[in-house]
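Here's a quick tour of a two-chain model, written for someone who likes to check numbers against coordinates. Take a look at the structure first, then read on.

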Amino acid sequence: MKIGKSNFRTVLFFTAPALILYTLIVFIPIVWSSVYSLFDWNGIGTMKFVGLKNFVRLFTRDREFLPALQHTVIYTAAQIGLQVFVGLALAFLLSSLPKLRTFFQTMYYVPVVISSVAICQIFEKLMSLQPLGLLNSLLGAINPAWYDIKWLTDVNLCLGSAAFVEGYKYMSMYMVIFYAALLSVPGELEEAAKIDGATGFQIAWHVKVPYIRHVIVANCVLVLNGSLRAYDIPFLLTGGGPGNCAQLLSPYMYKQAFSSMKYGYGSAVAVMIVVICLIFATVFRKLFEREE
Amino acid sequence: MKTKTLITAGLALTMAAGLAGTVSAEEQPEKHIKIYTNLSEANTTYHVWDDILKAYQAEVNPNFTWEVEVVPDHDQYLDKLKLYIAGGNMPDIYQIPNGALSVQLAQDGKMVNIGEELKAMDMYDAYNGGCLDFVKFDDGSLYLFPDGRYAELFWYWTGDFEELNLEVPRTWDEFVNCCAALKESGKDPIAMAGSESWQSLRYVSFMPWVTGGGEFINKLKTGEIKYDEDEIAVKGTELLYTLASNDYFMKGYENTNYADNINAFANHAASISYFGPNDLSEDMQKAYENGEIGFFPVPYVDGMEDDQMNIPVHSGKAWGINKDSYDEELQRFFEFFVKHHTQYSMARGVYSPLDEEGDSSNMPKVMMDVLESLQKVEKGWVSWDDKLDPATITTSGELGIELSQALIDPETFREEMDLSIEENAAEYFGAEE
């Protein structure tokens, strides 16, 4: 489509505020961090230029970066499963309700609007061992050995626990998006399938899901982008976990920059997070564009 | 980040104080200060500060106002303080541990020389030697002032010990044997705040401290010695591992914070715990008076003479004053604070860092009993969690937690500590050498 001169001005007028905001709060900080990543700086003394030394160290001597990347990938996969696919399942359930849809939609949406700190406080108490939390109290009534499950401090469980809590918080946001998408599926497609003898599951799987495929892909990209940069819930719930078993990239960047006071090195980690996000998002989109 | 910024009633009270007519508001300079603190309203010392601030406003300068920013979590507090430092936006008065960070700020000329100020107001010698020792830098200079006088002790349920005919342990071997006996009888021996790194590091540092004070950590932090070169320090790491691997810590300690730890002990979830007398609730104070709980100091290492002071005394998280905002009015407030610190501390039933007499009628029996021992202390506690360079502090905290859960062995702890110091210490301590 060709944009004429006057149309271009109109386009610029409407996109300029968003572009300016994006430049100020996203693009410039990325560039600024990239500059800092070339320096050694503890936040108090003078900055010392070291070139690519921080990046070299990241890939050759840092024993925490690659495990943090691995944990982040696992965490992201869990979020896609929980937020996108469980969200989709909830949307189907919601759309099948004959009554009280608005009520259930609102109730499911409540965790999305509660702050992450509050959610973490709630789950910390639910999963607590000392004093015994509700979760282990209930599980222990079934099997006494389950009284002692260490959801937040067991090296095999804490990453999964943090992933569950984050998934729980945000799955309803995608449920609402999918619900709206499902409502847009033309009724005649469903009727035609029913006439052909399709079951409810077959209608959902072969008619509705393909129809809203582009929404599923878009949501996957959103979750992918958010989860690769996940910080608040894993940090607040586990603090990285014992032996950094639940350490993700963003909390690791925070630890290097602000706790260890290595702002240059932390900036190098931040730059790598941006690069990794770009790579994952690009590969994901190319994969689905090629299929289409 | 759990942050609470309070614009205190001091602002609203300005008018009332002016109207009260104690001091004429027109004659006094306007001064607004920002206080950044780790203390919350749950801490008694927070109220001591509040009392003194309000008293200064009422008695000296009605135009003196303040705002208080509170971050109760220790690690998050430090992270935000580092942000303030990096941003060149320091609060006027702030808490800061005695360590690499405060030394560097002092070297950069950003902190008031408290030692000189105290000498000028003739109050230097009024302070308890141990309290001042805790906040002095290695070269003896004083750029920090004490928050209070705190002791840390082991507390125990006397009934548990009497039931098993156990004596209060004098040495660490006896301590471990007590834990073994308690565990065998079905009790959880020790309540510990396993999620707070400084608690784990206490157990690692007890032995080197009780034998040599700060000698080991001051040499280790710069890489002057390796960890394994100090036999007692090695035993310290083995102590924590022994306690962890034998399950002597209470169930669920891995995720317990300090407050929950004390509550767990108060609820008799464990027989022994380590905290300060300031943290005893009223019920626990009564339990002490009834003989149900008791205390004992840090055990000695086998073979050492037991005439040395072994109660860790410290001044809490020290305070620093921003040199850029230290004008005549702030100086006047600071003098008022120092000269009234004992009065308002005792009114709240907590120890003052000054060796002054005061009205101790508000102090519970247990605090008086502990105070008797504290008067003799001249050497302060040496806290590891702020002596090392920032990167090693972070690493040591993580390693301490892992060791306290027996996820790593003592050898790994020591090797990783040496590695971190090798990588990071020179940058922070090289300039001092």
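Helices here are DSSP runs of H or I with at least four residues, and strands are runs of E with at least two, numbered from the N terminus. Counted that way, chain A has 13 helices and 2 strands. Keep in mind that this is a predicted model.

**Chain A overall**

Along the principal axes, the C-alpha atoms of chain A fill a box of roughly 75 × 75 × 30 Å. The chain runs to 292 residues, and 35% of them count as buried. What about contacts along the sequence? Taking the contacts in chain A with a separation of 6 or more, 70% are between residues 24 or more positions apart.

**A helix pair in chain A**

How do α3(A) and α7(A) pack? Helix α3 (residues 65-96) of chain A meets helix α7 (residues 158-183) of chain A at an angle of about 40 degrees, and their axes are 6 Å apart. The crossing of α3(A) past α7(A) is right-handed.

**Where the chains touch**

The contact between the chains draws 20 residues from chain A and 27 residues from chain B. On the chain A side, helix α12 (residues 249-259) gives the most, with 3 residues.

| Contact | Nonpolar | Polar | Charged |
|---|---|---|---|
| α3(A) with α7(A) | 19 residues | 7 residues | 1 residue |

**Over in chain B**

Next, is B:Ser281 buried or exposed? B:Ser281 sits in the loop between β8 (272-275) and α13 (282-289) of chain B. This serine has 11 C-beta neighbours inside 10 Å, so B:Ser281 counts as exposed, the cut-off being 12 or fewer. From B:Ser281 to B:Asn263 is 18 residues in sequence and 9.1 Å in space, C-alpha to C-alpha.

Terms used:
Residues are numbered from 1 along each chain as its sequence is written. Chains are lettered from A and ligands numbered from 1 in the order in which they are written. This is a predicted model: local features need pLDDT of at least 70, side-chain atom pairs count only at pLDDT 80 or more; totals for chains, interfaces and linings use all residues. Two residues are in contact if their C-beta atoms, placed from the backbone, lie within 7 Å. Axes are lines fitted to C-alpha atoms, for helices over the stretch in contact, and angles run from 0 to 180 degrees between N-to-C directions. A crossing is left-handed if the near helix is turned anticlockwise from the far one by less than a right angle, and right-handed if clockwise. Ala, Val, Leu, Ile, Met, Phe, Trp, Tyr, Cys and Pro count as nonpolar, Asp, Glu, Lys and Arg as charged, and the others, Gly among them, as polar. A residue is buried if 20 or more other C-beta atoms lie within 10 Å of its own, exposed if 12 or fewer, and partly exposed in between; C-beta atoms are placed from the backbone.
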